[in-house]
Every structure is written in C-alpha cells, then in structure tokens.
Amino acid sequence: MPEPPRPSPAVPGGLDGGWLGEQFRRQRTLWRGLLLPGFSAPLWLDVPLELILGHDPRHLVGTLLGIGLPWLAVAMLRRGRRGDTNRAAVIMGAAAGLTAGLAAGMPALTALLLGGGAWLGTRLLYDGAFVEAEPLLPPPEPPAEPAAIAEARARLARIRAAAARLSDRRLQGVAGAMAGVLDDLAQRPDRLPLARRFLNVHLDGLERITRRLEAGATPPDTLPALLAELERTAQELREHLRREETEALEVQVRVLSDRLRQEGYG
C-alpha cells in the first residue's frame with residue numbers, strides 16, 4: 001500500500017518576507033538618525049579635559065556644539081517633513097565646521113571644508129532613506145459672521161451677563177431663545193433680512209428692560225407675560241426658519257426626482 005504523502009512543514013508564523021520587512025522598517029524608524037551623534041562620541045572625552053585643563057573657553061564651546069548639534073539633526077530627521085534631511089545635513093555641517101574651528105583651532109578654510117564634507121556625508125547617508133511628508137497645513141479659519149450677527153451677539157452677551165447678575169431666569173430664557181435664533185442665522189446668512197426687524201425690536205426692548213432692572217426698577221406685573229411673549233416669538237421664528245429650509249429641501253428633492261425620470265433613471 002503506497003505511503004500517503006507527508007504534509008510539507010508549515011512556515012512558522014511571523015517569519016515570512018512581509019513580516020521581516022515590517023520589522024526592518026520599524027527598527028530603521030526606531031534608530032533613525034542615531035548614527036549622527038556617534039560621530040561626535042570622542043568629543044565626550046574632551047569635555048572634562050577642557051573643564052579641568054582648558055584655558056580657552058572657545059574650545060569648550062566648540063566641543064559642546066559638536067555634541068549638541070547632532071542631536072538637533074536627529075530631531076530634524078525624526079520629524080520627517082519635506083526638506084528635513086537637508087536641514088539635518090546643514091546642521092551636521094555647521095557642527096563639524098564649528099568644532100573644527102573652535103575646539104580644534106583649525107584654519108577657517110579647513111573648518112569650512114570639513115563642514116561641507118559633513119553636510120555631503122549626511123546627505124549621502126540619509127537621502128531617500130525614508131519618505132518625507134509635506135508639512136501639515138493649518139485648518140482653515142471659519143468664515144467670519146456677518147457684521148449684523150456679530151453685533152447682535154455682542155449685545156446679547158451684555159444682556160445675558162446682566163441677567164446672570166440679576167439672577168433673573170426669565171431674562172436668561174429670552175436671551176437663550178434669541179441666541180438660538182442667531183445660531184440659525186449664522187448657518188444661513190441669506191435669511192438675515194427676514195429676521196433683521198425681529199432682532200432690532202427684540203434686542204432694543206430687551207436691552208431697555210435690562211438697563212431699567214439693573215438701575216433698581218421694580219418689575220411691573222406685566223413683565224413676566226411680556227418676557228414669555230418675547231421668548232415664544234423667538235422660538236416661532238426659529239421654527240419658521242427651519243420650516244423654510246424643509247420646504248426648500250422638499251423642492252430640491254422633487255426637482256431632482258423629476259429630472260431623473262426625464263433622463264430615464266427613475
């Protein structure tokens with residue numbers, strides 16, 4: 001009887017090419033740029049000598065710049081924005097040139113050549129090593145509100161502050177209803193002419209009432225009914241604005257449906 005074929009040994013999970021490539025990319029990202037400070041490792045030995053025996057502070061400054069600037073280049077590389085590789089290379093060139101000129105006391109031309117070599121070496125080492133991303137654009141600023149709405153909001157804010165000082169819930173209720181009207185108008189500024197007269201009458205009246213109450217006037221018996229009427233009117237205006245939007249949407253839906261039927265899609 002023939003022996004059944006033996007199953008081929010399974011490839012251990014996680015050892016395929018894709019996994020290895022992903023691990024390599026992660027490690028490269030983790031260690032990105034850390035080779036640069038390694039070039040300045042010998043300078044660490046020079047720091048205590050300069051502190052103890054050094055007579056020229058320029059040598060110590062050059063040594064510290066040679067140690068610190070490569071870490072700035074590392075941070076630039078890790079940011080990963082477009083152009084950061086060249087910026088990191090410029091920083092490395094500056095570090096090499098300043099260290100050679102200040103710490104080692106080399107002539108200016110020699111320091112310049114060493115700085116250029118450091119810049120070129122960094123470019124050769126990291127150009128194309130990772131994909132640089134475009135810098136994030138700031139979010140667009142929200143469109144400015146129409147001047148009439150902004151002015152009405154400022155007046156209403158003063159009324160609400162006065163209502164809070166007076167601890168008058170009726171005034172706060174009317175102001176809240178009018179704030180809702182302003183929010184609706186801010187979404188659809190084209191409806192502003194419809195509510196302009198309402199805003200002027202209500203705001204003027206509410207401002208006058210608030211000023212009198214803050215001046216110490218005794219509220220008449222008819223004031224609660226008037227404030228309730230103002231709040232009701234504001235809510236009715238909001239409902240009217242929303243009803244107009246609903247009707248406009250229904251018209252658009254009907255027109256689009258008729259167009260689709262005419263084109264043979266409905």
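This tour moves through a predicted model, from one arginine to the nonpolar cores and then to an annotated segment. Residues are numbered from 1 along each chain as its sequence is written, and side-chain values use heavy atoms, without hydrogens or water. Local features need pLDDT of at least 70 and side-chain atom pairs pLDDT 80 or more, while totals for chains, interfaces and linings use all residues.

**First stop.** Select R155, which lies in helix α7, residues 147–166 (helices are DSSP runs of H or I, at least four residues, numbered from the N terminus). R155 is buried, with a relative accessible area of 12% (buried means under 20%, with a 1.4 Å probe and protein chains only). Beyond its neighbours within four places in sequence, R155 is in contact with L203, D204 and E207 (heavy atoms within 4.5 Å).

**Second stop.** Select L185, L206 and L227, the residues with the most contacts inside the largest nonpolar core, which has 28 residues (buried Ala, Val, Leu, Ile, Met, Phe, Trp, Tyr and Cys joined through side-chain atoms within 4.5 Å). Helices α7, α8, α9 and α10 each give two or more residues to this core, and the largest share, nine residues, comes from α8. Another core, of 11 residues, lies apart from it and includes L69, V74, M76 and A95.

**Third stop.** Select residues 223–254, listed as "coiled-coil region" in an unreviewed UniProt entry. This segment is 100% helix and 0% strand, and its end C-alpha atoms are 47 Å apart.

Note on methods
Buried means under 20% relative accessible area, exposed over 50%, partly exposed in between (1.4 Å probe, protein chains only). UniProt positions are given in the numbering used here, feature names are shortened, and annotations may be inferred rather than shown by experiment.
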